[in-house]
Amino acid sequence: MANADPLLLVLKLALDAEEQAALLLKSAQLECQKRQNQLDALNNYRLDYMKQMQSQQGQAISASHYHQFHRFIRQIDEAIAQQHRVVADGEKQKNYRQQYWLEKQKKRKAVELLLDNKEKKRQAIELKKEQKMTDEFASQQFYRRNK
């Protein structure tokens with residue numbers, strides 16, 4: 001049996017690296033979605049709280065209750081601003097991991113191309129050998145017939 005091509009080992013390593021990068025990307029995508037869902041929940045909570053306050057419009061509201069309402073809305077707004085930063089950070093991480101995965105994919109494809117080119121050269125050499133043997137056989141038959 002012929003020795004295994006060292007490029008096959010390189011290909012296996014490249015495939016493993018690409019798979020790990022894909023897993024990291026998937027993890028980052030899930031984390032981004034989770035962060036976005038948290039932001040959406042905060043925005044919905046703020047909206048619900050505002051609607052609740054609006055439904056009390058026209059009713060007598062104490063100054064302290066009104067002050068607490070505004071203070072609470074400011075706290076929610078601060079939480080929303082912080083969550084926007086968390087979402088942006090997650091997007092950066094996702095983009096970084098996507099680039100990393102694309103690099104690993106590019107390396108894998110390069111190794112596959114090398115292996116493909118090597119196989120095409122091997123086939124071309126094999127074809128030339130077969131053609132040479134066929135030509136040799138034909139010339140020997142011709143020589144034997146004419147003898």
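Which backbone nitrogen does a side-chain oxygen of Asp5 reach at the start of H1? That of Leu7, to within 2.8 Å. The model is a predicted one, with local features needing pLDDT of at least 70 and side-chain atom pairs pLDDT 80 or more, while totals for chains, interfaces and linings use all residues. Residues are numbered from 1 along each chain as its sequence is written, and side-chain values use heavy atoms, leaving out hydrogens and water.

Buried residues of H1 (under 20% relative accessible area, with exposed over 50% and partly exposed in between, 1.4 Å probe, protein chains only) include Leu7, Leu11, Ala14 and Glu18. Helix H2 (63-145) is part of what covers the buried residues of H1.

Now for the charged pairs. The whole structure holds 10 salt bridges (a side-chain nitrogen of Lys or Arg within 4 Å of a carboxyl oxygen of Asp or Glu). One of them joins Arg108 to Glu18, with the closest N and O atoms 2.4 Å apart. Arg108 sits in H2 and Glu18 in H1, so this pair ties together parts 90 residues apart in sequence. Arg108 is buried at 12% relative accessible area, and Glu18 is buried at 9%. Glu112 joins Glu18 and Arg108 in a network of salt bridges.

Within H1, Arg35 and Glu31 are four residues apart, about one turn of the helix, and their side chains meet in a salt bridge (3.1 Å, N to O). Arg35 is buried at 18%, whereas Glu31 is partly exposed at 30%.

Note on methods:
Helix = DSSP H or I, 4+ residues; strand = E, 2+ residues; numbered from the N terminus. Contact = heavy atoms within 4.5 Å. Polar contact = N/O pair within 3.5 Å; in protein donor to acceptor, adjacent residues only side chain to side chain.
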